[in-house]
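I opened this notebook page to record, step by step, what I looked up in the structure. The entries follow the order in which I worked.

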Amino acid sequence: MSEPPEIAKDTSSGAELSRRALFTKIGLLLNGLAVAVLAMPILGYLVSPILRSDRGQYKRWITLGGLDEFPEGQTRLATFQNPISIGSDGDTSHIPCWVRRIHGEQFQVFAINCAHLGCPVRWFPQSGLFMCPCHGGVYYQDGSRASGPPPRGLFEYQYKVEDGKLMIEAGQLPTLSTTASLAARSRGCQS
Amino acid sequence: MSKLKQIGDWLEERLQIGGAIREAASHPVPRKSARWWYVFGSAALTIFGLQVVTGILLALAYDPSASEAGNSLQYLNHGVTLGWFLRAVHGWGSNFMVAVVLIHMCPVFLFGAYKFPRQLTWVLGVFLLLMTLGMAFTGQVLRFDQDAYWGLGIGAPITGRVPLIGAQAVHMLLGGPIIAGATLSRLFTLHVFLIPGLLIGFVSLHLLLVLKLGINEWPMPGRVVRRSTYEKEYNELLQKDGVPFVPGAIWKDMVFSDGIIVAIMACAAYFGPFGPSGYPDPTIVQTIPKPDFFFLWLDAMLALLPPEMETASLLIGPVVVIGFLILLPFLSGEGEKNWRRRPIAVVTLLLVVVSLATFTKLATYSPWSPIMDAWSGDPLPVAFLNRRTPLQRQGALVFQGKQCRNCHAMGGSGGRRGPALDSVATTLTTDHLVRQVIQGGGNMPAYGKNLNPAEVTALVSFLETLHPPNRPPARDASQAAIQQQEKPPPAANR
C-alpha cells in the first residue's frame, strides 16, 4: 500500500477566519438547528405520559355496580375495566378494589395496592383486617394502618352514588405521589 | 486450501484488520496473571454472547403485547420445538450472567485492578453491572406473568417516592397511568434495543481498555502503584515475565467459559424455563409476588427497613452505593494492590457478600410476611388441645378463626411475622395477654374492635395454657399481692 496523499492542511493562522472554516462552522450550526428542531417532537413524544397526566386524562368516573351488590357492613372485592386502557392491555385492564359499605350510601372504596409497595392486599372478614402478602403490611377495616411498613393507610377512590349505582373515579395506579384520582387521606400517617 | 487462502488474502487486502487482530490476540499478559482468577470477565462476555443469540431466537416467537405475551410464552414452551429449552437457557443465562459479573467484580476489587491507570475500565464495569441488573429486571418483566405484574407494582411505588417529580416518574416508567400494555412495550424496548445497544458499546470500550492498558498484574505485597512509575514498571514486568494472551492464557478462559455454558445448559435442561407464573390479571388477588433470585435481597431490605427510614434509604442508598463504586478508583487510585495490605477492602467485601447472602436467604422464606392461608390450612397441633377446658378450646377456635396463625407460629407451622406462641404464657401474664390482644402494639394490630369480650376471654384462657409442663405461667407478683389483700382474712369470714 502506498502512503495516502497528504491532505491540504488549513494553513491560515488562528486569528483570521478562512473561508473553509467559516463554512464548517455554518454547517455545524445548521446541523445543530436541525437537531434542535427534530428534538422537539421527539421530546414531546417521550414525555407524553406526563403531558397526558397533566391534562387530567388519567381519571374518569366509572360504575362499580348497583348498591344491592354491596351488603351493608361488609367489605367485598369489586372489579372494573380500567377506563384508561387500550386494546392490547389484555388482563391488565381488569382492576380490583375493595368496597366497604358502612351503611346506607356511606362507602369506602380502597385500592387493591398496599400503600407500602403496591402488592395486592387481601381482606379477612373474620379478623376485620387487610393483610399484604409481600412485606407484612396490615390495615384495619377502615383502611387505616394497623402494623407493618406502610407509611399510611390504604389508598381510597373517590366515590358517588348515582341512580342507585356506586361510582368511583379511577384510572391510575395509586402510589404515594400519584394519588390524584384518590381521596386525600392520611389517617394512617397521623396515628 | 489455497482457494481459502486466496479468499482470505483478498479480504485482508481490503479490510486490513489481520494485523490488528493478531496484535490483540498476542498482546502480552504477565505470566502470573494467566490464572484462574482472571477468567470471569471473559466468561461474562461469553454469556452475553449467548444471551444475545438466545434473545434473538426467542424474539422470533415472543409477542410483546400485554394481551398476548403470556400466550406466546406458552406457545414457546409447548408449541415450538425446543422452545422451552431456549427460554430456559436465556433465563438461566441471565442468572449466570448476574452471578458471573458479581463474581468478576470481587477479584478485580481485591486485586486492586481498578487502580491507576485502569480507573475508567472499572467505571465502565460499574455501568455494565447496572445494565446487567437492568437487563435482569426488564427480562423478568417481559415474562409478563403475575410476578412480573406485581414486580412492576413494586417498582412504581418505589419510583413514586422520589420527591417533587414522583408522579411524573411513575407515569414515565409505566408509559401511562397504570401497569398495562404500554408498560410492557417500553420495557421491551429497554430490554431488546436500548440496554443491549448500550451494553455492546460499553463492553467494547471495556475490552478495548483491557487491551490498551493491559491486564492487571498479580498483586504482590509491597509493590505499590505510583502514577509516575507504574507504566514503566508494568512494561518491564511484561518484558521480563510476560506471555502472549494467545496461546499463553486464553485456554483457561476458554475452558471456564465452556464450563459455564455447559452449566447453563444443564440447569436449563434440568430445571426448565422460568414461569410464566400465571396471568397478569390483578383481579387475582390470591397471589404472593416474589422477585427473581437476584432481587431477593432488595425485597428483604424493603421489608426490614424501619418505615421512617425507608424513603430516604430507597432514594439515597442507590446514589451512595453507585457513587461509591464510581468514585472508588479516584479515591484510591494508587497504593497497595495486595489484599493482605488492604484489610478495609477485605472487610468491606466480606460485609457486602455476607449481607447480601443473608438478605437473600431471609427473602427465600420471608418471615416478615403473614402466611395468608395458615389460619385455614395449618390445623393446631393436637398437643395444644389435649386436656383443655371447653372455654380454652373455644379460645383455640378463636385463635385459629381470627387469623392469628397467619402471623404466629404454633408447633412450628404458621406465620413468622410475630413471635411463635408455643410458650407465650411463660412471658406474658393474663393482663398482658388481654392488653396485647385488645390494643395490639409492637407491630401487632389491635383486635379490640373485632373480638367481643367473650371471645377475648376464651382466647386469653387458651393462650394462658401455652407453657411447657415444667415451667409455670408468668404471674404478676404485685397483682397477686393485691388480690391477697383484697381477700377478706379467713378469720373474719367466719
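I began with the secondary structure of chain B, which comes to 21 helices and 2 strands; helices (H or I, at least four residues) and strands (E, at least two) are DSSP runs, numbered from the N terminus. The radius of gyration of chain B, which is 31 Å, is well over the 23 Å that the globule rule gives for 494 residues, so chain B is more spread out than a compact globule. I noted that this radius is taken over C-alpha atoms, and that the globule rule is 2.2 Å times the number of residues to the power 0.38.

I wrote down that this is a predicted model, in which local features need pLDDT of at least 70 and side-chain atom pairs count only at pLDDT 80 or more, while totals for chains, interfaces and linings use all residues. Residues are numbered from 1 along each chain as its sequence is written, and chains are lettered from A and ligands numbered from 1 in the order in which they are written.

Next I checked the box that the C-alpha atoms of chain B fill, and along the principal axes it is roughly 125 × 60 × 45 Å.

I then turned to where the chains meet: 55 residues of chain B are in contact with 50 residues of chain A, contact meaning that the C-beta atoms of two residues, placed from the backbone, lie within 7 Å. On the side of chain B that touches chain A, α7 (146-160), α8 (166-174), α13 (296-304) and α14 (307-331) of chain B each supply at least two residues, and α7(B) gives the most, with 8 residues.
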